[in-house]
Amino acid sequence: MAEENWHVARLIPTSGISGADEQERRATSALLAVASAVREFGRALSQPLGAHGGTLSTFIEVPFMLGDKRVYPDGLIRVQRGARTWTALVEVKTGNNELHAEQIENYLDVAREQGYDAVLTISNQIPAVAGQHPTKVDKRKTRRVALHHLSWTQVLALAVVQKEHRGVADPEQAWILGELIRYLEHPRSGALEFDDMGGSWVTVREAVAAGTLRASDKAAPEVAARFDALLRYCSLQLGRRLGEEVTPALSRKELADPTLRTTTLVAQLASQGVMEGAIRIPNTVGLLIVKADVHASRVTCYVDIDAPREGRPTTRVNWIIRQLRAAPETLRVEAFAMHARGAGTAELLKDVRDNPSLLIADPSKELRMFRVAVTEPLGTKRGRGRGSFIDSVADAVNSFYSEVMQNLKAWTAAPPRLRELPSVPEDKPTSLTSTALSSQDGAELATGREERVETLASVRPPAESQYTQPGNGG
């Protein structure tokens, strides 16, 4: 038998998964076992939940009595350091299974009775806002016990970033973490990616096309929340590739009140047929703005970048063009002038390359900002695959960053240079020449001083003048 037909033995095999229960049990056991075996990954997983540093140990299907019934959380995480102990119960869902409020509230009660610190839920549900739980529970039950949620996409991103970018000191532990990544990336693991815009998508999309959608429609908030979840999914995917923490950009008010963000999206969708959000990527020139025009079936990604604060308008345009060498010719470049009202000038990159002055409406006004944007077709399908809304948005974000945004750098002023002393010709009398720098010397220093020396020499009085020496018969 040829070796190319042999199957490599895996630490966590995907074969033999008989159903949803077996899928959840295997995913829970694999995740918690690797978290306790790979110290760096265990720390990356538990620290954001409030755990202190220490020895991490994990358990699965731990039984507890709650009143007169027995409950079985899927797992338990314990971190110990000296006399300090941090403990969290874990509830896991895979595939399309969703978390249930009653079950979570039971585990919150168990944690409170046992003096535990937190309850962690893991599922394929991606909340629209980081830190927000996808399931509504009684807030009174979270007063003494913290409730956290991780999506499987976020868990996978944590594992990849730790292994590929931050590193694992022990080679064998790095291999173990790689086996978990292989397992979670397999379709049969149940750790699915974001793959559905929700049951209200078709209804809302058709209402937008017909112009009948209203902000009060009950289906609109679900689509708005799914759009924000999609932006969070795109952020996690991009951060996984970059090894950085990429997050949706929200205002302080939106972070404090997630319903405000949903209300804004629904209003945009009802009035303009668009949904817009932003992604924050560390060390980039600005926010990556994503604008999904459901009515026109177009998705636009753009970023705003400040123009240089010196130089002629043409020089400033050439500055942005040089940074767009790898960008597609269909990219749109917009220029906004200082103190100008309304929209700025806008041209395609291929035309601006040939004639930079196309972006200069008034040469007497300084350019203050550029906007570079790429517009692509927007899919309409609810799920994943060709022609889907999810894939078209995700592809637009990834291609815009790789082809445009990662190549852009903010303008910085050149450092000031010391003024050099002017050279004095050898045939000039040094008694009439001053080479000392003054704070009043300007750009004329290099040439103006020599001109003044020539002037002084030319007006020197003759030998027979009114200025005669005493005793010469004057």
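**Thr153 and its surroundings**

Visitor: Which residues does Thr153 touch, not counting residues up to four places away in sequence?
Guide: Thr153 touches Ile126, Leu192, Glu193, Phe194, Tyr233, Leu236 and Gln237, leaving aside residues up to four places away in sequence. Keep in mind that this is a predicted model.

Visitor: Is Thr153 buried or exposed?
Guide: Thr153 is buried, because its relative accessibility is 6% and the cut-off for buried is under 20%.

Visitor: Where does Thr153 lie?
Guide: In helix 4. That helix covers residues 152-166, so 15 residues by the numbering.

Visitor: How far does helix 4 reach from its first C-alpha to its last?
Guide: Helix 4 reaches 20 Å, close to the 21 Å expected at 1.5 Å a residue.

Visitor: Which residues in helix 4 are buried?
Guide: Among them are Trp152, Val155, Leu156 and Val160.

Visitor: And what follows helix 4?
Guide: Gly167 does, and its phi is positive, near 95°.

Visitor: New topic. How many aromatic pairs are there?
Guide: The count comes to 3 aromatic pairs. In one, Phe64 and Tyr116 have ring centres 6.0 Å apart and planes at 75°, so the pair is edge-to-face.

Visitor: Where do Phe64 and Tyr116 sit in the chain?
Guide: In distant parts, 52 residues apart. Phe64 is in strand 2, and Tyr116 is in the loop between helix 3 and strand 6.

Visitor: Why does Phe64 count as buried?
Guide: Because its relative accessible area is 8%. Tyr116 is buried too, at 13%.

Technical notes: Residues numbered from 1 in each chain as written. Predicted model: local features only at pLDDT ≥ 70, side-chain atom pairs only at ≥ 80, totals over all residues. Heavy atoms only, no water. Helix = DSSP H or I, 4+ residues; strand = E, 2+ residues; numbered from the N terminus. Expected span 1.5 Å × (residues − 1). Buried < 20%, exposed > 50% of the residue type's maximum accessible area, 1.4 Å probe, protein only. Phe/Tyr/Trp six-rings, centres within 6.5 Å; stacked < 30°, edge-to-face > 60°. Contact = heavy atoms within 4.5 Å.
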